[in-house]
Amino acid sequence: MNKNYTGKSGQLAVMAEFLIRGYNVAMPEVDEGDDVFVVHHHVGTLWRIQVKTANARRERAGVTARFNVTTAQLLQERTPDLMFVFVVRSAERWSDFIVISRADLRELQAEFTIGKVLGASILFGLVFSRGTVRCGKQSFRRFRNAWAAWPALVHA
Amino acid sequence: MPTAARKPALRGHTPARAAARAEQGPLIVNIGRQGDGCTYRLDPLSKHRLKAAHRRARAVPTVFIGYTTREEFEALQGPMWVQIVQMLTGVTAEQLSALGGVELHDPDNGLRRQVLSGS
């Protein structure tokens, strides 16, 4: 499938997840590197979200999805900081959301040299196997469907 | 040759394999300038170096300092940099100098500024 369709569908899937949790969402009119703004309407907290979507493939190591992150996105400090959501499409459904802050991804990348540097970007390969998810030798299990920062809100 | 040895270095950070080479160099604080201010954060590998030397140091993960315009960044915040890096590290300026000093890096445009020199 055309990557524009894949990318936009993943973005909308992430927006739907935030909405069902009671958070308002918006797409920036100007592309400054954020795909989605998420807002806690009552207290005004805002999150910047960058969505990356990949079609998973079955490989020898397990179901594998690869995500390309530009070096600039990974290194740039911002307030509020960027959150990455890696969306995995597998067996014709949204199988996993890897929710990880830019700072956490940066720290793992720097400390364990995970990901493959390709010019101005880094390719992160996530392998899903028997309930685990790994990037290189690092477990990403704690980031799998990690929506705890956005507990469901009750609206009157 | 091991696979890891073929990985090119990522601009703005030191891969773990090269950390030993950087041990004598300054600690790195990465910055990000945006419309209303600047965010400061200790680079992950510098954080590990600091932890190894000062295990009990208590520090804040990030500092955000506002400004009115980007142009006044250095003039306004430059005099505060020593205080900022002490907040980010939890140790004194003398202890930071003993570790090799501190540099600010802006990965967006390659800007580098020395905050503290090594002793």
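Two strands count as paired here if DSSP finds at least two bridges between them; helices (H or I, at least four residues) and strands (E, at least two) are DSSP runs, numbered from the N terminus. The model is a predicted one, so local features need pLDDT of at least 70, side-chain atom pairs count only at pLDDT 80 or more, and totals for chains, interfaces and linings use all residues. Residues are numbered from 1 along each chain as its sequence is written, while chains are lettered from A and ligands numbered from 1 in the order in which they are written.

Take the sheet in chain B. Five strands make up an open sheet with mixed pairing, in the order S3-S2-S1-S4-S5. Strands S3 (62–66) and S5 (111–117) of chain B sit at the edges with a single partner strand each, so one side of each has no neighbour in the sheet. From one strand to the next, the twist averages 20°. Strand S2 (residues 37–42) of chain B pairs with S3(B) in the antiparallel sense, over five bridges, and B:Gly37 is found opposite B:Gly66 in S3(B).

Chain A, for its part, has three helices and 11 strands. Starting at the N terminus, its elements go α-β-β-β-β-β-α-β-β-α-β-β-β-β. The C-alpha trace of chain A spans about 50 × 35 × 30 Å along its principal axes. As for burial, 33% of the 156 residues in chain A are buried, meaning that 20 or more other C-beta atoms, placed from the backbone, lie within 10 Å of a residue's own.

How values were computed: Buried ≥ 20, exposed ≤ 12 C-beta atoms within 10 Å, placed from the backbone. Axes fitted to C-alpha atoms, helices over the stretch in contact; angles between N-to-C directions.
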